[in-house]
Amino acid sequence: MSLPFIFTDDMYLDKIYKLQTGVSLKISTIALQKLIANAIDHCQLSELESIRCTVDLYAYLSVVVYEGTEDLIARRHLWISPKIKADLIARQPVSFSSFCNLFWRNLDEDDPDGDEWQQLMASDRFYSQLTVLLNKLRITERNLQQYTKISDLSLESA
C-alpha cells in the first residue's frame, strides 16, 4: 500500500508545471483571452453572459504537454482517444475536460499521475485562480454593458 501524496506545489494557469512523474504541462487560458478580446472588439456580450461559474470556464481552458508525453500516453492508454494522442504528441492543446477524462481509473489502481492531477485540480489555489478569471470576465462584461448603454443613449439623443 502506498502512502498518500502530500504536495506543497500549486498548479498555476498559463505556467508550465512538472508532475512528479516527469510530465510537464501547462493549463492555458488562451481561448478565454481570445473570447474576452473578441467580446471587447465587437461589443458582443452573449458568450460572456453564458459563463456563470468557474466550471463554465473549463470549456475555455486547454492543456499542453511539453515533456513526458510518451510515458503519459503509455500510462493513460486505456482512456486516450487517437485524436487526443495525436494532439499530445504534436504538443497541441487538448481541451481541459478531455485531459481531465484521461485520469479516470479504478479506485484500487496505483496512479501517481492521477493522484497528483486530482489533488492539483482540487486545490484552493487552482480554484482561486479560476475565481479571479471569472471576476475579470464579470468586470469586462459590466464594462461592455455600460459602454453599450452609453452608446445607445448617445445614438438616441442624436
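Reply: The buried residues of α3 are covered by elements that include β3, α4, α5 and α6 (112–121), where contact means heavy atoms within 4.5 Å. This is a predicted model, in which local features need pLDDT of at least 70, side-chain atom pairs count only at pLDDT 80 or more, and totals for chains, interfaces and linings use all residues. Residues are numbered from 1 along each chain as its sequence is written, and side-chain values use heavy atoms, with hydrogens and water left out.

Me: Which residues of α3 are buried?

Reply: Thr69, Leu72, Ile73 and Arg76 are. Buried means under 20% relative accessible area, exposed over 50%, and partly exposed in between (1.4 Å probe, protein chains only). Helices (H or I, at least four residues) and strands (E, at least two) are DSSP runs, numbered from the N terminus.

Me: Why are the buried residues of α3 said to line one face of the helix?

Reply: Seen down the axis, they fall within an arc of 100°, so they line one face. The arc is that of the directions from the helix axis to the C-beta atoms. Glu70 and Ala74, on the other side of α3, are exposed.

Me: Why is cysteine 53 called partly exposed?

Reply: Its relative accessible area is 34%; partly exposed lies between the cut-offs for buried and exposed, so the term applies. Cysteine 100, at 22%, is partly exposed too.
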